[in-house]
Amino acid sequence: MSGSMYDLSVATYSQEGRIYQVEYATKAVENSETVIGVKCKDGVILGAEKQKFSRLLEDNTNKRIYNIDLQTGMALCGKLPDGRNILQRAKAESSQYQDMYAIPASAHVLSDRVAQYVHAYTMYSGVRPFGSATFIASYNTFDGYELYMIEPSGNKYAYHACTHGKGRAVCKSEFERRNFKDLTCQEALVYIAKMLILAHEEFKEKKYEYEMTWITDNNGRKHQNVPQDLINNAVQQAEQLIEQDQIGE
């Protein structure tokens with residue numbers, strides 16, 4: 001078998017022990033719009049940028065962040081059709097857990113089940129890996145606020161702050177500069193907006209819109225959209241911060 005044929009099936013390892021189709025799926029996520037998840041002092045925030053590639057598109061459509069249940073949300077980074085498939089599985093797992101145990105599934109349990117589903121698509125030659133990474137944010141009485149990211153390989157990790165997509169390097173450097181655990185969700189919105197703006201700084205001629213949701217002490221610990229006026233205000237303040245940073249340089 002020639003080297004170029006190791007990527008024809010997800011069930012085939014290369015001579016170095018690599019599965020190329022999983023790496024291709026990861027690359028699809030890396031080239032996607034940026035998605036961010038952050039745990040704060042009083043809650044957790046999910047944020048995403050969405051490129052408006054046509055002036056004919058309606059605002060606030062083609063979502064990247066969805067509800068799984070009242071206290072759990074999922075953000076999709078990468079290929080949206082693949083992400084929606086994972087979303088439907090997560091909703092089914094959540095509903096099944098609720099029916100079985102009469103309590104909502106925690107992010108820990110839900111991410112375990114979804115990660116197994118994603119991993120299954122890296123094991124058989126008749127399927128391909130999902131070109132999507134998923135973020136799960138949740139609150140439950142036992143574990144408090146939780147944030148997980150599931151990668152196309154099926155690996156899942158718990159985070160205080162995580163990101164994926166084109167702007168991941170910019171966001172990670174911002175995470176290292178600021179301790180979000182000391183900020184409230186409302187205070188953190190400005191820095192979330194700043195990271196999303198910086199994520200596409202080299203594509204200023206393109207139009208973007210921002211999607212943010214949160215689960216906080218102030219909204220009954222339910223997964224809800226951040227009010228649009230707060231998002232607009234955060235974006236304005238973030239643009240001012242970026243200008244100040246550029247002047248300081």
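1. Buried residues of α3. In this predicted model, helix α3 buries Ala107, Leu110, Ser111, Val114, Ala115, Tyr117 and Val118. They span an arc of only 160 degrees around the axis, which places them on the same side of α3. An α-helix makes a turn every 3.6 residues, so positions three or four apart point the same way. The buried residues pack against β3 (65-69), β4, α2 (80-101), β5, β6 and β7 (156-158). As to its length, α3 covers residues 107-120, 14 residues in total. From first C-alpha to last it reaches 20 Å, close to the 20 Å expected at 1.5 Å a residue.

2. Strand β5. One of the elements that α3 packs against is β5. All nine of the nine residues of this strand (residues 132-140) are buried, so β5 is largely enclosed by the rest of the structure. In a regular strand the side chains alternate between the two faces of the sheet. Here both faces are covered. Ser132, Thr134, Ile136, Ser138 and Asn140 are buried on one side, and Ala133, Phe135, Ala137 and Tyr139 are buried on the other.

3. Partners of β5. Strand β4 (residues 72-78) runs antiparallel to β5 and is joined to it by seven bridges. Within this pairing, methionine 74 has isoleucine 136 as its bridge partner. Strand β6 (residues 144-150) is also antiparallel to β5, again with seven bridges. There asparagine 140 is partnered with glycine 144. β5 and β6 make a hairpin, with three residues between them.

4. The open sheet. Five strands form an open sheet with antiparallel pairing, in the order β8-β1-β2-β9-β10. Its edge strands are β8 (161-164) and β10, each of which pairs on one side only. β1 and strand β2 (residues 43-52) are paired over six bridges, and cysteine 40 stands opposite glycine 43 in β2. Between β2 and β9 there are 10 bridges, with leucine 46 opposite threonine 213 in β9. β9 and β10 are joined by two bridges, and tryptophan 214 faces glutamine 224 across that pair.

5. In soluble globular proteins, nonpolar side chains tend to be buried together. The largest nonpolar core in this model has 27 residues, and those with the most contacts inside it are Ile36 and Met212. Two or more residues each come from β1 (35-40), α4 (168-177), α5 (185-199), β9 and α6 (228-248). α5 gives the most, with nine residues. A second, separate core has 18 residues, including Ile68, Leu76, Tyr117 and Val118. Tyr117 and Val118 are also among the buried residues of α3.

6. Methionine 212. Residues up to four places away in sequence aside, methionine 212 touches Leu46, Gly47, Ile65, Leu189, Ile192, Ala193, Leu196, Asn225, Val226 and Ile231.

7. Glutamate 211. β9 is mostly covered, with nine of its 10 residues buried. Glutamate 211 is found in this strand. Is glutamate 211 buried or exposed? Its relative accessibility is 8%, and the cut-off for buried is under 20%, so glutamate 211 counts as buried. Apart from residues up to four places away in sequence, glutamate 211 touches Leu46, Gly47, Ala48, Lys50, Lys63, Arg64 and Ile65.

8. Aspartate 217. This residue is found in the loop between β9 (207-216) and β10 (224-225). Aspartate 217 is partly exposed, with a relative accessible area of 38%. Its side chain makes a polar contact of 2.5 Å with the side chain of tyrosine 145 and another of 3.2 Å with that of arginine 221. Leaving aside neighbours within four places in sequence, aspartate 217 is in contact with Asp42 and Tyr145. Asparagine 233 lies 16 residues from aspartate 217 in sequence, and the C-alpha to C-alpha separation is 21 Å.

Conventions
Residues numbered from 1 in each chain as written. Predicted model: local features only at pLDDT ≥ 70, side-chain atom pairs only at ≥ 80, totals over all residues. Heavy atoms only, no water. Helix = DSSP H or I, 4+ residues; strand = E, 2+ residues; numbered from the N terminus. Buried < 20%, exposed > 50% of the residue type's maximum accessible area, 1.4 Å probe, protein only. Contact = heavy atoms within 4.5 Å. Polar contact = N/O pair within 3.5 Å; in protein donor to acceptor, adjacent residues only side chain to side chain. Pairing = 2+ DSSP bridges. Expected span 1.5 Å × (residues − 1). Arc of directions from axis to C-beta. Core = buried A, V, L, I, M, F, W, Y, C linked by side-chain atoms within 4.5 Å.
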